[in-house]
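This report goes through the ligand site and then several loop residues. The structure comes first.

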Amino acid sequence: MKERTLAIIKPDAVKKNVIGEIIAMITKAGFSILAMRMTKLSVAQASAFYEVHKERPFYGELVDYMCSGKVVAIALEKENAIEDYRKLIGSTDPKEAAEGTVRKLYGESKSFNAVHGSDSAENGIREIGFFFAECEIVNI
Ligand code: ADP
Ligand code: MG
């Protein structure tokens, strides 16, 4: 079944000038881009996006990081998108990520790990809605 996932190229990867390399990895892996936008998150937006983590000790650092520069939000669709995209990006901690994954190639640390990916089909839909209006999703 086709699923949707939200990718975010995080500020550390944007600063490294690897937006193109990451998008190439995503499209070569067979994902369709339904919507894409560069933006800079406010503290309020980043806090709301990561609200599930608000009790975690790293929440403040995570919000600061996500607001520290530009990000690229990308709505993706593919069969089995959630699992396949998480395989493409690798483990949260780049040190533990498999060779050839986005986080292994471009992540700095568990905090600054280059990209975001949704963790379930339900959250994929919800997170895409956080960045894109229904009329901005181009599904042809
Ligand atoms: P993932 O992004 O792989 O789904 P989580 O949802 O667990 O990982 O965490 C969200 C983000 O919070 C991570 O991508 C990373 O930027 C940051 N993070 C996660 N765990 C830690 C940690 N132990 N210390 C610092 N930052 C973390
Ligand atoms: Mg997560």
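A polar contact here is a pair of N or O atoms within 3.5 Å. By that cut-off, a polar side-chain atom of Arg86 makes such a contact, lying 2.9 Å from an oxygen atom of ligand 1. The model is predicted, and every distance in this report is computed from it.

**Ligand site**

Two further side chains have a polar atom at a listed distance from an oxygen atom of ligand 1. For Lys10, the separation between a side-chain N or O atom and a ligand oxygen is 2.9 Å. For Asn113, a polar side-chain atom is found 2.8 Å from an oxygen of the ligand. On its own, ligand 1 exposes 530 Å², and 82% of that area is buried by the protein.

Which residues are around ligand 1? The shell consists of Lys10, His53, Phe58, Glu61, Leu62, Arg86, Thr92, Arg103, Lys110, Ser111 and Asn113. By residue class, this shell divides into 5 charged, 4 polar and 2 nonpolar members.

Asn113 belongs to the loop that runs between helix H6 (102-106) and strand S4 (115-117). Besides the ligand oxygen at 2.8 Å, a polar atom of the Asn113 side chain has the backbone oxygen of Thr92 at 3.1 Å. Thr92 is itself among the residues around ligand 1. Is Asn113 buried or exposed? Asn113 counts as buried because its relative accessible area is 2%, and the cut-off for buried is under 20%.

Ala114 is also placed in the loop between H6 and S4. Its phi is near 75 degrees, a positive value in a residue that is not glycine. Ala114 has a relative accessible area of 0%, so it is classed as buried.

**Other loop residues**

Asn17 is another non-glycine residue with a positive phi, here about 65 degrees. Its position is in the loop between helix H1 (11-15) and helix H2 (19-28). What is the relative accessible area of Asn17? The value is 64%, and Asn17 is therefore exposed, the cut-off for that class being over 50%.

Leu41 sits in the loop between strand S2 (32-39) and helix H3 (43-49). With a relative accessibility of 5%, Leu41 is counted as buried. Ala97 is found in the loop between helix H5 (81-89) and H6, and its relative accessibility of 5% makes it buried as well.

| Residue pair | Separation in sequence | C-alpha to C-alpha distance |
|---|---|---|
| Leu41 and Lys70 | 29 residues | 7.4 Å |
| Ala97 and Lys87 | 10 residues | 9.2 Å |

**Recap**

Definitions and conventions
Residues are numbered from 1 along each chain as its sequence is written. Chains are lettered from A and ligands numbered from 1 in the order in which they are written. This is a predicted model: local features need pLDDT of at least 70, side-chain atom pairs count only at pLDDT 80 or more; totals for chains, interfaces and linings use all residues. Side-chain values use heavy atoms; hydrogens and water are left out. A residue is near a molecule or strand if one of its heavy atoms lies within 4 Å of it. A polar contact is a pair of N or O atoms within 3.5 Å; within protein, one must be able to donate a hydrogen and the other to accept it, and residues adjacent in sequence count only if both atoms are side-chain atoms. Accessible areas come from the Shrake-Rupley method with a 1.4 Å probe; for residues, only the protein chains shown count as cover. Ala, Val, Leu, Ile, Met, Phe, Trp, Tyr, Cys and Pro count as nonpolar, Asp, Glu, Lys and Arg as charged, and the others, Gly among them, as polar. Helices (H or I, at least four residues) and strands (E, at least two) are DSSP runs, numbered from the N terminus. Buried means under 20% relative accessible area, exposed over 50%, partly exposed in between (1.4 Å probe, protein chains only).
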